[in-house]
Structures are given as C-alpha cells and as structure tokens.
Amino acid sequence: MTERDPNCLFCRIVVGEIPSDRLLEDDRVVVFRDVNPQAPTHVLAIPRAHIGSLADLDDDDGELLAALFGALRRVAEDGGITDYRVISNVGAGAGQSVFHLHIHLLAGRPMSWPPG
C-alpha cells in the first residue's frame, strides 16, 4: 500500500484533482457516484490510500474493509436503499479497469444472476 499513485485516476479523485460527486468521506474512505452508472444508483467506495485491489490486502486490513463496507451501508441507509448489490472486481479478466481498490454498490433495478 502506498499513500498515493500520481498516475491513478482514483488517487487523483481522492485529492480533488478530478472532481467527483461525493456522498460520504472520512479519513480512510471516499464514496462517490460512478460516472458511467450501470444502475440508477451506482456508487464506488475507495480507500484514500492506494491499494491495487482486494488481492493486495493482508490480514491486518480488516478495519479498512469494515470502513469501506460501513460507508456503503451508510450511503444505502441515507438513500433509503434496502436492496442492492456490492461488487469488487479483481484483475482485468474479472472486469477491473481502475487498479485502485474500489467496491461498487448498485441498486434501483432488478439484478440477475449470474452477473457475467
């Protein structure tokens, strides 16, 4: 984990170089609306520190994961959202296009399974 990668889109969002529609932020996490939404509600929770993906976490990162999921839960509650999907892609083959850990929350339309 590094504090910031100057070439990373999400690191640039964290520091405000690229504007975002932020819904929640604290000292560890930023939650903002996806610019290419795949559902009526589509938000991303990201850590402020640069972490490539879930695969780059270790056993000491439980508090960070709790902060990310807690932030998404608060955004859902604040929006009156009770049915939603939470996803994190790991690797290009799984659909990860920005290599900074992010967790999607999608809601507002029926979700099918499998999602592929």
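Analyst: Arg 85 stands opposite Leu 106 in S5. This is a predicted model, in which local features need pLDDT of at least 70 and side-chain atom pairs pLDDT 80 or more, while totals for chains, interfaces and linings use all residues. Residues are numbered from 1 along each chain as its sequence is written, and side-chain values use heavy atoms, without hydrogens or water.

User: Which strands does S5 pair with, and how many bridges join them?

Analyst: Strands (E, at least two residues) and helices (H or I, at least four) are DSSP runs numbered from the N terminus, and two strands pair if DSSP finds at least two bridges between them. Here S3 (residues 41-47) runs antiparallel to S5 and is joined to it by five bridges, with Ala 45 partnered to Ile 103. Strand S4 (residues 84-87) is also antiparallel to S5, through four bridges.

User: Is S5 mostly covered or uncovered?

Analyst: Buried means under 20% relative accessible area, exposed over 50%, and partly exposed in between (1.4 Å probe, protein chains only). In S5 (residues 103-107), five of five residues are buried: Ile 103, Leu 105 and Ala 107 point one way, whereas His 104 and Leu 106 point the other.

User: How many salt bridges are there, and what does one tie together?

Analyst: A salt bridge places a side-chain nitrogen of Lys or Arg within 4 Å of a carboxyl oxygen of Asp or Glu, and this structure holds eight. In one of them, the side chains of Arg 33 and Asp 21 meet at 3.1 Å, N to O. Arg 33 lies in strand S2 (residues 29-33) and Asp 21 in the loop between helix H1 (9-14) and strand S1 (22-25), so the pair ties together parts twelve residues apart in sequence.
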